[in-house]
Amino acid sequence: MSAKISAFDQNNQRISTQQLLQQIYAELEKGETSFEVLSSGHHDIGGPLWTEDGSPLYFEVRNPGQRIGSFGLEGTEILVHGSAPADAGWLNAGATLTILGDGGDTTAHCSASGKIYVAGRVGTRSGSLMKHDPAYDAPQFWVLKNTGSFPFEFMGGGIGVVCGYDSDGFESVLGDRACVGMVGGTIYVRGPVNNLSEEVWLLDLDDADQQFLTENMPVFLGKIKRPKLLKDLTDFSQWKKILAKTYEERNIHSRITMREFRLNNWVADGGIFGGLVQDDYGQVAGLVNTGEDRLQIPHWQDKRFGAPCQVACPSNIPTQDRINLLRQGKYEEALQLVLKYSPFPASVCGEVCPNPCMDACSRRYVDKPVTMKELGRLSRDVPAPELQPASGKHIAVIGGGPGGLSAAWQLRLLGHQVTVYEADTEVGGKLRQVIPTERLPEDSLNSEIKRIKDIGIEIKAGTKVDTALFETLRKESDAVVIASGAHNAVVIPFPGHERLVKGLDFLKEVNAGKQPKVGKRVVVLGAGNAGMDTCLGAYAMGAEKVIAIDIQRPAAFKHEIDHVKALGGEVRWPVFTDKITAEGLWTKEGELIEADMVIIAIGERPDLSYVPREWLTDRGMMDVDACGQVAKAPGVFAIGDTTEPGLLTHAIGAGQEAALQIDDLLAGKELVPIVKPEMINQSCLSKELFKPRNRGKFCITDAKDETIRCISCGTCRDCTMCLEACPEGAIRRVEEEDGTFEYLSDDHDCIGCGVCAGICPCGVWAMELKV
C-alpha cells in the first residue's frame with residue numbers, strides 16, 4: 001500500500017505546497033516509502049529525500065507543479081502521470097524521473113546524475129547546464145519526441161538522447177540554436193538537425209555508441225510504456241551524435257593578429273626600434289676586481305637551456321647536437337642520433353612535416369633558417385642504433401601509424417619485444433594511406449618502414465582490434481599503447497551535408513589506386529594541409545577546377561598552397577558555408593560556388609569503441625594523465641590523435657615519450673611527466689658574429705654545410721672564442737677521457753668583465769649579477 005497525499009483539505013480547498021510537503025515528510029517519518037500524490041500545481045515534489053536505512057522511495061504523481069524531482073537523490077524514483085511543467089528534474093542528483101507526457105521548459109536543467117525519461121516533447125533550454133562529476137555515474141536525459149529551442153546550452157557532461165519520434169513536421173528535432181556553449185557530454189539525436197551551434201561536431205555513431213543505445217533503449221521504452229517502438233528507434237542509420245569541439249578547435253579567428261598588424265600595417269619595415277640592439281654586458285665598476293669583489297660572475301651553462309628548434313620540435317629532436325656531431329666529423333653518429341628520437345627522419349622531418357623547428361630557428365634572424373628537411377633526408381638509409389639487452393617484457397601497440405610505429409621503435413631499442421596490430425594491409429597509417437606521393441616519395445617511406453621491421457618488431461597487419469582482442473592484449477602484455485589514430489571524418493551539419501564527400505575516405509581511395517570519380521568542378525571545405533592534399537587528389541583524378549575554402553587563414557604550408565594554385569586551383573577565405581545543393585555550395589553571403597562535387601577535409605575523430613566507455617573524456621578522446629597513461633587503466637598508454645588532434649610529428653613525439661614512460665613503469669620506477677627544456681632567450685645569442693648570406697642567392701646543395709650556419713643555441717660548439725677573447729686569460733678548456741669537455745673560469749683571475757658572455761655565439765656563458 002502507498003501513502004495517499006492529496007492537494008485538497010476536507011473542505012475541498014487547495015492546500016499550499018508547504019502543507020503538502022509536510023504531509024509527505026510526516027508519512028516518511030512513520031516509515032512509509034511509497035507515495036501516491038494528487039497534486040494541483042504543487043512544486044518541488046520528490047526531492048531531496050532519503051530514508052535512514054537506505055530504503056528506496058517511490059512516488060506516483062498527478063498534476064505536478066514546477067521542479068518535480070528537483071534535487072532528487074539516488075534511490076528515489078518518480079513516475080508522473082501526464083505532463084510536467086518547467087524545471088522537471090532540475091539539479092537531479094541521482095533520482096529516476098519518468099514523465100508519461102511532455103516536459104516543460106528547462107527539463108533536466110543542471111542535471112548532475114540519475115536518469116530522466118520523457119514520453120513526449122520537452123520545452124526550451126531543456127538539458128541546459130547538464131554536468132558530470134567523474135565520481136558518480138553520468139546523468140542521462142531521454143526524450144521520445146523533440147525539444148524546444150536552445151536545448152543543451154552550456155552542457156558540460158552527461159548523455160542526452162532525443163529520439164525524434166512523431167516529429168516529421170519539425171525542421172529540427174532540437175529546435176533552434178541547439179548546444180550553444182556546449183563544452184562536454186554526448187547527445188544522440190534521431191531526425192533532422194538544423195542551425196546547430198558552431199561549437200560542436202555532428203558525427204556518425206561508432207560501435208560503442210550503437211551498443212549504448214542498444215542496451216539502454218529497451219529500458220527507456222519500458223519506462224514510458226512504449227516497447228513496440230524498439231525496432232524503429234534502433235535503426236541506427238537515422239541517428240547522429242553531437243560532441244563539443246576541443247578548445248583548440250573552438251579557438252579559431254579569421255582576423256589578423258596584433259603582431260601582423262604591427263609589422264605589416266603599423267610600421268611596414270618591421271618595427272619602430274627594429275634597428276637598435278640593447279646590450280648589458282655588465283655594470284661599470286670603479287675598480288677592476290677579482291674573486292668575491294666582482295660585480296658579476298660568469299657561468300658556463302652548457303645545455304642549461306634548450307635550442308628553439310629542439311623545444312619547438314614535437315618529436316624532441318636536438319638538432320643542435322646533431323649538427324655539432326657533424327661539425328666534429330662524426331658523420332654516422334650524427335645521422336644515427338635522430339633515430340633515437342624518430343624512426344621517420346626522412347619521411348616526416350624531410351618531407352611532410354611543417355617543420356616548426358625552422359619557424360623557431362634563431363638563424364632566421366640572420367638570413368634563413370637551418371634547412372631541416374635536407375638534414376632529415378640524410379638519415380634515410382642509416383642503420384638502426386644498437387638495441388639494449390632483451391628485457392623479457394612484451395608490449396602491444398594498437399595502430400601502425402607514425403605514432404604507433406614511433407612507440408614500437410623506441411620500445412624495441414630499449415630491449416622490449418613489441419607487436420604492432422594494424423587494421424590496414426600495411427603499416428604506415430596516414431603516411432601511406434592519405435599523403436600523396438608527390439609530397440612523400442614512396443621509396444623514402446618504404447625504406448624507413450623496412451628499417452623498423454628489421455629490428456625485430458612483429459607486425460600483425462589486417463588485424464582490427466575489437467573489444468575481445470583488446471582484453472586479450474591487456475592480459476597477455478606487460479603494457480599496451482593505444483595509437484589507432486583518428487579516421488572518422490568530421491562533417492558540419494549544415495543543410496545538404498549528406499551530399500558531402502569525406503576527404504579522408506577520398507584520399508585513401510586515391511592512394512590505394514581505386515581511381516575515385518570526381519566532378520569537373522570541385523569545392524574542398526578546409527584549407528589546411530589535408531585540404532591541399534585533397535585538392536591535389538581531385539586534380540589527379542581529372543578535376544578541371546578546384547576551389548578550397550576556409551573560415552580562417554589557410555593553415556596549409558605555403559608551398560602546398562602554391563602547388564595547388566600552380567595547377568589552376570583557388571584558395572579563398574574567409575568563406576562561411578550556408579548550404580550544399582545540387583548546384584554547388586552556397587555561402588552565407590548568398591554567393592553560389594558552382595560545383596559537381598563538394599569534399600570536406602576539416603578534421604577527424606578517433607574510433608575508440610574497443611575500449612571501455614569510462615576511459616574516454618566527454619569529447620570521446622582517451623582520458624590520460626600527464627604521463628600519457630590512461631587514467632583508469634594502469635599500464636595502458638594512449639598517444640596521438642586518440643588523445644587530441646595534432647601533427648604527425650606530435651604523434652611521433654608522443655610515441656617516444658610513451659615508450660620512455662613504459663620503460664620506467666616496467667623497471668618499477670615512479671612515473672614523472674616529461675618536461676621540455678626551457679627555451680634560450682634570443683638576447684643571450686651573439687647573432688651579429690654570423691655573416692648573413694644573400695637571401696636571393698641562398699641555396700643549400702649539401703645539408704652537411706649547415707654546420708657553418710647553425711648557431712648551436714644553448715649548446716657549446718667548442719669554438720674556443722671565449723678562451724681566446726678573455727682579456728685576463730681566466731678561461732681554460734678541460735677534456736675528460738670519454739671526450740666530453742667543459743670550460744672553466746678561474747675566480748682568482750676573472751674580473752667579471754662579461755667578454756666571455758658577449759663573445760659566445762651560443763649563449764652558453766651567462767653573467768650572474770651580484771646583489
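User: Which residue in S24 does leucine 585 stand opposite?
Analyst: This is a predicted model. Strands S23 and S24 run antiparallel and are joined by 3 bridges. Across that pairing, the residue in S24 that faces leucine 585 is isoleucine 593.

User: In what order do the strands of the open sheet of 3 strands stand?
Analyst: The pairing in this sheet is antiparallel. S22 and strand S24 (592-594) are the edges, each with a single partner strand, so one side of each has no neighbour in the sheet. The order is S22-S23-S24.

User: By how many degrees are neighbouring strands of this sheet turned against each other on average?
Analyst: Direction is ignored for this value.

User: What is the omega of the peptide bond that joins tryptophan 573 and proline 574?
Analyst: Proline 574 sits in the loop between S21 and S22. Most peptide bonds are trans. The bond joining tryptophan 573 and proline 574 is cis, with omega about -15°.

User: Where is proline 48 found, the residue at the end of the peptide bond from glycine 47?
Analyst: The bond from glycine 47 to proline 48 is cis, and its omega is near -5°. Proline 48 is in the loop between strand S2 (34-38) and strand S3 (57-62).

User: Which strands are the edge strands of the open sheet formed by 5 strands?
Analyst: The pairing is parallel, and the order is S18-S25-S19-S20-S21. An edge strand here pairs on one side only. The edges are strand S18 (501-502) and strand S21 (570-572).

User: Which helix packs on the sheet, touching S19, S20, S21 and S25?
Analyst: The direction of this helix makes about 170° with that of strand S20 (545-549). The helix spans residues 529-540 and is H17.

User: Which residue in S25 stands opposite valine 523?
Analyst: Strand S19 (residues 521-525) and strand S25 (residues 597-600) pair in the parallel sense. There are 4 bridges between them. The residue opposite valine 523 is valine 598.

User: Is threonine 419 buried or exposed?
Analyst: Threonine 419 lies in strand S14 (residues 417-421). Leaving aside neighbours within four places in sequence, its contacts are His394, Ile395, Ala396, Val397, Glu458 and Lys460. Its relative accessible area is 2%, and the cut-off for buried is under 20%, so threonine 419 is buried.

User: How far apart in space are isoleucine 551 and arginine 364, C-alpha to C-alpha?
Analyst: Isoleucine 551 is in the loop between S20 and helix H18 (558-566). It is partly exposed, at 36% relative accessible area. In sequence, isoleucine 551 and arginine 364 are 187 residues apart. In space, C-alpha to C-alpha, they are 30 Å apart.

User: What phi does glycine 739 take in the hairpin of S28 and S29?
Analyst: Strand S28 (residues 731-735) and strand S29 (residues 741-745) run antiparallel, joined by 5 bridges. Isoleucine 731 has serine 745 as its bridge partner in S29. The hairpin has 5 residues between the strands. Glycine 739 takes a positive phi near 95°.

User: What phi does arginine 125 have?
Analyst: Arginine 125 lies in the loop between strand S6 (113-118) and strand S7 (140-143). It is partly exposed, at 35% relative accessibility. Most residues other than glycine have a negative phi. Arginine 125 has a positive phi of about 60°.

User: What is the relative accessible area of leucine 129?
Analyst: Leucine 129 is also in the loop between S6 and S7. Although it is not a glycine, its phi is positive, at about 60°. Leucine 129 is partly exposed, with a relative accessible area of 36%.

Conventions
Residues are numbered from 1 along each chain as its sequence is written. This is a predicted model: local features need pLDDT of at least 70, side-chain atom pairs count only at pLDDT 80 or more; totals for chains, interfaces and linings use all residues. Side-chain values use heavy atoms; hydrogens and water are left out. Two strands pair if DSSP finds at least two bridges between them. Helices (H or I, at least four residues) and strands (E, at least two) are DSSP runs, numbered from the N terminus. Contact means heavy atoms within 4.5 Å. Axes are lines fitted to C-alpha atoms, for helices over the stretch in contact, and angles run from 0 to 180 degrees between N-to-C directions. Buried means under 20% relative accessible area, exposed over 50%, partly exposed in between (1.4 Å probe, protein chains only).
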